[in-house]
Amino acid sequence: MAPRLQLEKAAWRWAETVRPEEVSQEHIETAYRIWLEPCIRGVCRRNCKGNPNCLVGIGEHIWLGEIDENSFHNIDDPNCERRKKNSFVGLTNLGATCYVNTFLQVWFLNLELRQALYLCPSTCSDYRLEDDIQKEKDYEPQTICEHLQYLFALLQNSNRRYIDPSGFVKALGLDTGQQQDAQEFSKLFMSLLEDTLSKQKNPDVRNIVQQQFCGEYAYVTVCNQCGRESKLLSKFYELELNIQGHKQLTDCISEFLKEEKLEGDNRYFCENCQSKQNATRKIRLLSLPCTLNLQLMRFVFDRQTGHKKKLNTYIGFSEILDMEPYVEHKEPSKSQTRKPKCGKGTHCSRNAYMLVYRLQTQEKPNTTVQVPAFLQELVDRDNSKFEEWCIEMAEMRKQSVDKGKAKHEEVKELYQRLPAGAEPYEFVSLEWLQKWLDESTPTKPIDNHACLCSHDKLHPDKISIMKRISEYAADIFYSRYGGGPRLTVKALCKECVVERCRILRLKNQLNEDYKTVNNLLKVAVKGNDGFWVGKSSLRSWRQLALEQLDEQDGDAEQSNGKMNGSTLNKDESKEERKEEEEELNFNEDILCPHGELCISENERRLVSKEAWSKLQQYFPKAPEFPSYKECCSQCKILEREGEENEALHKMIANEQKTSLPNLFQDKNRPCLSNWPEDTDVLYIVSQFFVEEWRKFVRKPARCSPVSSVGNSALLCPHGGLMFTFASMTKEDSKLIALIWPSEWQMIQKLFVVDHVIKITRIEVGDVNPSETQYISEPKLCPECREGLLCQQQRDLREYTQATIYVHKVVDNKKVMKDSAPELNVSSSETEEDKEEAKPDGEKDPDFNQSNGGTKRQKISHQNYIAYQKQVIRRSMRHRKVRGEKALLVSANQTLKELKIQIMHAFSVAPFDQNLSIDGKILSDDCATLGTLGVIPESVILLKADEPIADYAAMDDVMQGKDEFVLGICWLGVRRRWDFTYWSVNIQYFYF
């Protein structure tokens, strides 16, 4: 079958020669592709969406051939969940609990530990299914020992292939989604178990942990001077072996037991010699436990990253480990000096970090442990539940198979009658047919509403997602599944076909009309026969026409957004409508706000009557403006008023600029820190007022005039001043503007002043020189001032994203002269001297002159020569120097998180960072930057400690994911325990 686009063109090819009013029933059936040839199975590889008669590849291949009964259900065979004969029971991994399952299997296979736990008294030892306990109530262990008893009993006699240890994990309070340290878990749990069992009266139960897992070694120190030997006995439950630099397990054990020399500052104080002497120290193994736990220290601390690093070292180990050469005997023997033997079975791993060996004895151990009666009854109850579940699953499988067979017969029967041919037909959506053939989803009622056009008939553009089927098959579908509306032969929409024909003909004619209109636009319009058209519309009218035709062609697709339960997003459709409304249609670019012809002739052009008639074919609803049409009268009035207002604003701006030239040009401004000698009073206005007024004076045609001085922003609600004299000379100086008395008189004439704020200088006392005081009017409001300061401090400590600077200190100096000469102590004086040495008339780079050609006027007050040096405006922006980097932080960020940012910026590990700000050491890693006083634009000093460790010997970090091989967690232990004296059989695990 031809591709979809070719079928689309072929279905509407007749529209090139047929006018819309000449459309017949034959044309309608051709547009709906009624008589396309159906596809044949085996020839058509996939379903042809452009052909409504193609019923191949819709999912029928599953039902037409021989079907396996297992395909009718998704239920696994319950017998697969049954424990096989002479096999072990596994444990379910609850997410990241493989380490727990591993230890449970190890402890379960320790027969002595299992027997001791069975002997431990239980609060539910009187539990009987036939007595007072209801059968419907599940057994819930209360203690750790009871959990282990129940789990071990299930692992021993359960009929399940695996059991769920969630009760045990929940009792320990472990997070099933987080991988824990297996070594730490082993230590903590054995300590908990030992403490729990120590309260038992039976010695076999009370001492089982020490008997099975506890060994003893001694720290032996020998004085080199007198040979005195001192021992410190210690018990152990596991041996921690360093694997770095070793290839064999025996080498790791040898290093653990090797001698250590105590020399120099580390010399040993000998009680016999009564002085510090050189000595040797080593560990001697005195006794080994029945279960030997060897911890391989694969994780080491990396100072560069501040995290643990895993070693990839391969370690070789044997299944039989001879520990006799490492153990001290009371009587010396030749076997102590020989090398340890390696067993036949050897292994090598780069992931294993825990090896568990079991002591072998010459006596044949008792391999059977009897489960207590009350535990066996619990196991039997669980086994009966499991059998009931197996029977239920088998019945569900049988029902699914019977239902599938019935559906198979239905599909085979209906699919043969599905093609319509020349008999009466109906349309059904392809999506519904595919779901009908898909057994995984239930079949819903037929919903054809999404395929309807605005006339409630089948839309021609939806034919690609519809299939034409026989009326016989449609009757069966609607009788069994319901739905509607039914789309028969009467559902073919003639109105939509005629409209589509008109649109296609206009699209084909568009290119020719575009050339015709361009030629007509070259001819000058004579008389009053023309029409006004927007220049922007003329430039893009072909694109607008094409988009408008496409929108009309796709209106029906957007009008129905629902098919078999899927709906369009209402919010998205509303946004699309708003965007379409905001876009200007053809010739709307010359509409004024009042809906009339705009007054600007630069935006429109006069075209001939012939050109307008061509354009009107594509834009019948476009606004029409003949050449004799008058412009909008309201816009003319507004234009005259605007010109008058602009002239008035220019006159006002010129008057105000002439009256206040120094305030406008920011020249000869007073300063509170260096009070001028020729006046005792200075007035204050808001800096915001000055900036807005300067904007108006510079651009009076674009900005509104400033009519009032809003000093209320500088006052509190009580009418008091919010700033002190000292703050107005420093941090608050950017919020106020100082005014000369002469300028204040002019401001009162030009503007409305709501509040008068002034600073008066008063000489106090008769002593020469007299004391000077500065009094503000109105006076300062202390309460509101304190509240303002608190609010400012709070704002500084509640920032969400701000820039701070971290400077790395070199040799305890913040900035070296060689690295940053611009920040030397004498640099500021040099700049001031340079400013003073400028020749007269030179432009001040800090002064933005309104007229670039005029020179800056000299200051008339000679007393201000020194003052001008002090008030030279400099940039308040922080200047970065060498060795300094900017970081984006927030007030809620902790110091630890900041150190991690610094680590990435300076390659200094967090524990090597010494941070300080304004002489204060930052040490609390949990404190936030806001509480530590770190505010935006702060500079933090970083002093780095140089690491002394050698990282060259460290193995490369393993790349990729760790391998998780659970030797006994799922499949159980795979080898029997055969023991010989002082040789231990191995069960190793990968985490």
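**Chatting through a predicted model**

Reader: Okay, is Ser 907 buried or exposed?
Author: Ser 907 counts as exposed, because its relative accessibility is 60% and the cut-off for exposed is over 50%. Keep in mind that this is a predicted model.

Reader: What about phi of Asp 918?
Author: Asp 918 has a phi near 55°, which is again a positive value in a residue other than glycine. Asp 918 lies in the loop between S31 and strand S32 (920–922).

Reader: Is Asp 918 buried or exposed?
Author: Exposed: the relative accessible area of Asp 918 is 80%, and the cut-off is over 50%.

Reader: How many residues apart in sequence are Leu 91 and Tyr 162?
Author: They are 71 residues apart along the chain, yet from C-alpha to C-alpha Leu 91 and Tyr 162 are 5.1 Å apart in space.

Reader: New topic, cis peptide bonds. Which residue is joined to Pro 485 by one?
Author: Gly 484 is, and omega of that cis bond is about -5°. As for its place, Pro 485 sits in the loop between strand S20 (483–484) and helix H15 (494–521).

Reader: And what's omega for the bond from Glu 777 to Pro 778?
Author: Omega is near 5° there, and the bond from Glu 777 to Pro 778 is cis. Pro 778 is in the loop between strand S28 (771–777) and helix H26 (782–796).

Reader: Oh, S28! How many bridges join S27 to S28?
Author: Seven bridges join S27 to S28, and the two strands run antiparallel. One place to look is Glu 763, whose bridge partner in S28 is Thr 772.

Reader: How many bridges join S23 to S27?
Author: Three bridges join strand S23 (residues 681–686) to strand S27 (residues 758–764), and these also run antiparallel. Here Leu 682 has Ile 759 of S27 as its bridge partner.

Reader: What's the strand order in the open sheet of four strands?
Author: The order is S4-S3-S9-S6, and the pairing is antiparallel. Strand S4 (229–236) and strand S6 (260–262) are the edge strands, so named because each pairs on one side only. On average, neighbouring strands in this sheet are turned by 30° against each other, if you ignore direction.

Reader: How many bridges do S3 and S4 pair over?
Author: Strand S3 (residues 215–223) pairs with S4 over eight bridges, in the antiparallel sense. If you want a pair to click on, Thr 221 has Ser 230 in S4 as its bridge partner.

Reader: Now helices. At what angle do H6 and H12 pack?
Author: Helix H6 (residues 144–157) and helix H12 (residues 373–416) pack at about 60°, and their axes are 9 Å apart. That angle makes H6 oblique to H12.

Reader: Is the crossing of H6 and H12 left-handed or right-handed?
Author: The crossing of H6 and H12 is right-handed. From H6, the contact is made by Gln 149, Tyr 150, Ala 153, Leu 154 and Asn 157. The H12 residues in the contact include Phe 374, Leu 375 and Asp 382.

Reader: How many nonpolar residues does the contact of H6 with H12 have?
Author: By class, the contact of H6 with H12 has seven nonpolar residues, along with four polar and one charged.

Reader: Last one: at what angle do H21 and H23 pack?
Author: About 120° for helix H21 (residues 633–659) and helix H23 (residues 687–698), with their axes 8 Å apart. That makes H21 oblique to H23.

Reader: And which residues of H23 make the contact?
Author: From H23 they are Trp 693, Phe 696 and Val 697. On the H21 side, the contact is made by His 649, Ile 652, Ala 653, Gln 656 and Lys 657. Sorted by class, the contact of H21 with H23 has five nonpolar, two polar and one charged residues.

Reader: Is the crossing of H21 and H23 left-handed or right-handed?
Author: The crossing of H21 and H23 is left-handed.

Definitions and conventions
Residues numbered from 1 in each chain as written. Predicted model: local features only at pLDDT ≥ 70, side-chain atom pairs only at ≥ 80, totals over all residues. Heavy atoms only, no water. Axes fitted to C-alpha atoms, helices over the stretch in contact; angles between N-to-C directions. Parallel < 35°, antiparallel > 145°, perpendicular 65-115°, else oblique. Left-handed = near helix turned anticlockwise from the far one by under 90°. Contact = heavy atoms within 4.5 Å. Nonpolar A, V, L, I, M, F, W, Y, C, P; charged D, E, K, R; others polar. Buried < 20%, exposed > 50% of the residue type's maximum accessible area, 1.4 Å probe, protein only.
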